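Good morning, everyone. Please look at the screen while I walk you through one chain.

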Amino acid sequence: MDRYIRQISLPEIGEEGQYRLKNAKVLIVGVGGLGSPTALYLVAAGVGRLGIVDADIVGLSNLQRQILYSESEQGEQKVYVAKKRLNGLNSHVEVVVYPEYINKENIVRIISGYDIVVDGCDNFETRYLLSDTCMAMGKTYVYGAIEGFMGQVALFDVKHSAKTYRDLYPDCGEGSEIDKAVVGTTAAVVGAVQAHEVLKVICGYGVPLWGRLWYIDLRTMLSGIVEL
């Protein structure tokens, strides 16, 4: 327990919360700008099993915000590089890799072994699929998105709220594109918030963002919460 003494010392976590973290099973879909900080903080906190899903390879343009990777790893598959980095940070965490993209054929197989699914993807189609499947299977879906200097996070789970991602974005239209221009620190802030929401859900403290949207504009540091 010495490893986690700083967080165990918090009454909101304590030894019981740390044991909950050890037994938790969390899946991150996409280990890019959002998935990188989320994975690092969850592994550092001692989550027992972390699944990471991504079929992409490390590219030079990733390094501006995807802090799991380095220049020497360009061309390598992200999930394997990420696993090595994450286990180097905490060898007690079971890191399970899925070198594939989430789709209708594999989503049930992949997420069935996890309680919480964290959204680190960058397209509407995958987010709708994640939300719909998590709601149908009773999983907690941790949504996060970034654009430029702006970010947002929300939690969806039928056990806590009837709201879903489709209540936030009812219909973006087939082929709708997301603006992917972003400063790296936006990904860092939003990914850290996603990780912290996961900790709140697992350890049972605070007020998680069930059916609510937190947003921030880093240009002004204005932020708020919207009830969906």
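Start with strands E1 and E2. They run parallel, and five bridges join them. Ile28 stands opposite Ile52 in E2. A quick reminder here: strands of a sheet pair through backbone hydrogen bonds, either parallel or antiparallel. Keep in mind that this is a predicted model.

How enclosed is E2? Four of its five residues are buried, so E2 is largely enclosed by the rest of the structure.

Now the whole sheet. What is the order of its eight strands? Read across, the order is E3-E2-E1-E4-E5-E6-E7-E8. The sheet is open, and its pairing is mixed. Strand E3, residues 94–98, is one edge, and strand E8, residues 222–227, is the other edge. Each of these two pairs on one side only. Neighbouring strands in the sheet are turned against each other by 15 degrees on average, direction ignored.

Strand E6 covers residues 150–156, and strand E7 covers residues 212–217. Five bridges join E6 to E7. One example to find on the screen: Ala154 has Leu213 in E7 as its bridge partner.

Helix H3 covers residues 35–45. Which strands does H3 lie across? It lies across E1 (25–29), E2 (49–53) and E4 (116–119). H3 runs at about 165 degrees to E1. Helix H4, residues 78–89, lies across E2 and E3. H4 runs at about 175 degrees to E3.

Is Ser36 buried or exposed? Buried: its relative accessible area is 0%. What does Ser36 touch, leaving out residues up to four places away in sequence? The list is Val31, Gln66, Ile67, Leu68 and Tyr69.

On to helix H2, residues 14–22. Its buried residues are Gly14, Gly17, Gln18 and Leu21. Why do we say they share one side? They cover an arc of only 100 degrees around the axis, which puts them on the same side of H2. Turn to the other side of H2, and Glu16 and Lys22 are exposed. What covers the buried residues? The cover includes helix H1 (5–8), H3 and helix H8 (184–203).

Find Met221 in the loop between E7 and E8. Met221 is not a glycine, yet it has a positive phi of about 65 degrees. Its relative accessibility is 53%, and the cut-off for exposed is over 50%, so Met221 counts as exposed.

How many helices and strands does it have? Eight helices and eight strands. The radius of gyration is 17 Å, close to the 17 Å that the globule rule gives for 228 residues, so the chain is as compact as a globular protein of that length. The C-alpha atoms fill a box of roughly 50 × 45 × 40 Å along the principal axes.

What about burial overall? Of the 228 residues, 53% are buried. The chain exposes about 10,900 Å², and carbon and sulfur atoms supply 53% of that area.

Last, the contacts. Take those between residues at least 6 apart in sequence. Among them, 64% join residues at least 24 apart.

That's my tour. Questions, please.

Conventions
Residues are numbered from 1 along each chain as its sequence is written. This is a predicted model: local features need pLDDT of at least 70, side-chain atom pairs count only at pLDDT 80 or more; totals for chains, interfaces and linings use all residues. Side-chain values use heavy atoms; hydrogens and water are left out. Two strands pair if DSSP finds at least two bridges between them. Axes are lines fitted to C-alpha atoms, for helices over the stretch in contact, and angles run from 0 to 180 degrees between N-to-C directions. Contact means heavy atoms within 4.5 Å. The radius of gyration is taken over C-alpha atoms; the globule rule is 2.2 Å times the number of residues to the power 0.38. Buried means under 20% relative accessible area, exposed over 50%, partly exposed in between (1.4 Å probe, protein chains only). Accessible areas come from the Shrake-Rupley method with a 1.4 Å probe; for residues, only the protein chains shown count as cover. The arc is that of the directions from the helix axis to the C-beta atoms.
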